[in-house]
Amino acid sequence: MIFSEAEREYLVGRGIGRLSTVGPDGTPQVRPLGFRLNEDGTIDTGGPNLTSTQRFRNVVANPLVSFVVDDMTPDEPGAIMPGMGRGVEIRGRAETLQVDVPPVNAEWFSHDIIRIHPNRVLSWHIDPEHPDGQSRDIS
């Protein structure tokens with residue numbers, strides 16, 4: 001299992017994440033994007049006209065990526081670390097491909113996508129069993 005139950009629940013409840021890629025000159029690029037968590041633990045993201053974007057070209061040239069989904073912990077009783085940040089970071093390899101159903105809004109999302117295959121997962125302030133966070137490599 002790639003994601004813990006708490007990580008999966010957190011990811012499914014969010015609509016946007018940030019994809020980090022590396023350009024040909026080594027410059028990092030970060031873009032906020034809608035995404036879909038697949039049953040096999042991969043993450044699909046994209047956007048309109050994806051093949052014309054720098055992030056698409058970056059992934060084709062260098063498939064190493066990072067994807068972060070985060071927000072603020074609710075400042076309420078019973079919350080884990082109230083008022084602090086929480087989230088999940090996924091480091092891995094990406095591939096470009098076409099799918100029948102885009103990960104987000106089929107009316108304007110391209111059928112071309114970027115699929116992230118996690119190699120490492122880090123999470124913080126989302127799991128009562130691990131309130132300070134956890135990290136692990138994925139085989």
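**Strand pairing and the core**

Student: How do E5 and E6 pair, and over how many bridges?

Tutor: In this predicted model, E5 and E6 run antiparallel to each other, with twelve bridges between them.

Student: Which residue is the bridge partner of glutamate 95 in E6?

Tutor: Arginine 115.

Student: And on to E4. How many bridges does E4 make with E5?

Tutor: Nine, again in the antiparallel sense. Valine 68 there has glutamate 89 of E5 standing opposite.

Student: What about E1, how does E1 pair with E4 and with E2?

Tutor: E1 and E4 are antiparallel over three bridges, with serine 20 partnered by serine 66 in E4. E1 and E2 are also antiparallel, over seven bridges; valine 22 has proline 28 as its bridge partner in E2.

Student: How many residues sit between the strands in the hairpin of E1 and E2?

Tutor: Five, and glycine 26 in that hairpin takes a positive phi near 90 degrees.

Student: Which residues of E1 are on the covered face?

Tutor: Gly17, Leu19 and Thr21. The uncovered face has Ile16, Arg18, Ser20 and Val22.

Student: Switching to the largest nonpolar core. Which members touch the most others?

Tutor: Phe3, Leu19, Ile43, Phe67, Val88, Ile90 and Ile116, out of 23 residues. Helices H1 and H2 and strands E2, E4, E5 and E6 each give two or more residues to this core.

Student: What does isoleucine 90 touch?

Tutor: Leaving out residues up to four places away in sequence, isoleucine 90 touches Phe3, Ile43, Val65, Ser66, Phe67, Ile116, Pro118 and Arg120.

Terms used: Residues numbered from 1 in each chain as written. Predicted model: local features only at pLDDT ≥ 70, side-chain atom pairs only at ≥ 80, totals over all residues. Heavy atoms only, no water. Core = buried A, V, L, I, M, F, W, Y, C linked by side-chain atoms within 4.5 Å. Buried < 20%, exposed > 50% of the residue type's maximum accessible area, 1.4 Å probe, protein only. Helix = DSSP H or I, 4+ residues; strand = E, 2+ residues; numbered from the N terminus. Contact = heavy atoms within 4.5 Å. Pairing = 2+ DSSP bridges.
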